[in-house]
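Here is a briefing on one protein chain. Please keep the sequence and the model open while reading.

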Amino acid sequence: MTTIPDLHGLRLAAALDNAAWCDAVCRSHGLPGVFAGNAWTSPRRTPPLYPDAVTLSPDGVSAAALVAALDTGSPGCSVKDSFASLDLGPEGFRVLFEAQWIHRAAEAPAAAAGPLLEWSEVAGAGELRQWEAAWADGEPSGLFRPDLLIGGTTVFLTGRAGGGRADGRIVAGAVAHRSGDVVGVSNLFARGGVSAGAAWAGTLTAVAARWPGLPVVGYESGEDLDAALRAGFTVLGPLRVWIAAA
């Protein structure tokens, strides 16, 4: 008998996992956030590319109260409206982008094998800098701190093109973060002619080996969403990211 997934529950879990990941990144920079009510918020401006708030429910979130908890006086303040249910225009925000939450069932068929990459988990500050340089396709900025490697809830996955861990070039990777009964995947990348499909295949295989039996969630848009759907994901629903208007 086929089990029908609780799509609303998965969407709630995806938003909570993403908020927990954002909080972990912020805490590694000495900027702890706050889980309260139906949102996670950071009272101080967050590191680049990370939101200042993530809503955790489609209901009961006051746009005015949410924005009042943020450091809107610093440039770049943003809100991840996880259910695309808020209007932050009156609060001085504009839509930065829209995306879709995605989900891949734990019992989904194994991901199709990609090119022969060697996959491993980042171990130590030196490898983390290498990973970030490959992810950024340039010099690492120190966005991802070694504290994120502690505790076992977050792993940075690395796909290398031959040569082994010591000297193989990093051509693919992702972040996997476990929260509750889901694993959130973010920051997936592919370089040097490696396809997003190959990056997904290696990532999903590594996640299944580390956390067997757990569904995988995340969010994507555009061509990245298309690649995720080809990798066996389904859409859970929309999200919207708002940024304070200049």
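Predicted model: local features only at pLDDT ≥ 70, side-chain atom pairs only at ≥ 80, totals over all residues.

Twelve is the computed number of aromatic pairs, given as 12. Trp21 takes part in a stacked pair with Phe144 and in an edge-to-face pair with Phe156. The structure has zero disulfides.

**Aromatic pairs**

- The ring centres of Trp21 and Phe144 are 6.2 Å apart, with the planes at 20°. The pair counts as stacked because planes under 30 degrees apart meet that cut-off.
- Trp21 sits in helix 1 (residues 7-28), while Phe144 sits in the loop between helix 3 (125-136) and strand 7 (154-161).
- The Trp21 and Phe156 pair joins helix 1 to strand 7, across 135 residues.
- Trp21 has a relative accessibility of 3%, so it counts as buried. Phe156 is buried too, at 0% relative accessible area.
- Ring pairs build a cluster of Trp21, Tyr50, Trp131, Trp135, Phe144, Phe156 and Phe189.

**Nonpolar cores**

- The largest nonpolar core holds 22 residues. Which members touch the most other members? They are Trp21, Tyr50, Trp131, Phe144 and Phe156.
- Helix 1, helix 3 and strand 8 (169-179) each give this core at least two residues. Helix 1 supplies the largest share, five residues.
- Beyond four places in sequence, Phe156 contacts residues including Trp21, Leu128, Trp131, Phe144, Leu148 and Leu149. Its contacts also include Ser120, Glu121, Ala174 and Val175.
- A second, separate core has 18 residues. Among them are Ile102, Val155, Leu157 and Ala174.

**Cysteines**

- A disulfide needs the two sulfur atoms within 2.5 Å.
- Cys22 is buried, at 1% relative accessible area. Cys26 is buried as well, with a relative accessibility of 0%.

**Asp52**

- Asp52 lies in the loop between strand 2 (39-41) and strand 3 (53-55).
- Is Asp52 buried or exposed? Asp52 counts as buried, with 0% relative accessibility.
- The side chain of Asp52 makes a polar contact of 2.8 Å with the side chain of Arg45.
- Leaving out residues up to four places away in sequence, Asp52 touches Trp40, Thr41, Ser42, Arg44, Arg45 and Thr46, among others. Leu70, Gly76, Cys77 and Ser78 are also among the residues it touches.

**Helix 5**

- Helix 5 covers residues 196-210, which is 15 residues. Its end C-alpha atoms are 21 Å apart.
- The buried residues of helix 5 are Ala198, Ala199, Trp200, Ala201, Gly202, Thr203, Leu204 and Val207.
- An α-helix has 3.6 residues a turn, so residues three or four places apart point the same way.

Technical notes:
Residues numbered from 1 in each chain as written. Heavy atoms only, no water. Buried < 20%, exposed > 50% of the residue type's maximum accessible area, 1.4 Å probe, protein only. Helix = DSSP H or I, 4+ residues; strand = E, 2+ residues; numbered from the N terminus. Polar contact = N/O pair within 3.5 Å; in protein donor to acceptor, adjacent residues only side chain to side chain. Contact = heavy atoms within 4.5 Å. Expected span 1.5 Å × (residues − 1). Phe/Tyr/Trp six-rings, centres within 6.5 Å; stacked < 30°, edge-to-face > 60°. Core = buried A, V, L, I, M, F, W, Y, C linked by side-chain atoms within 4.5 Å.
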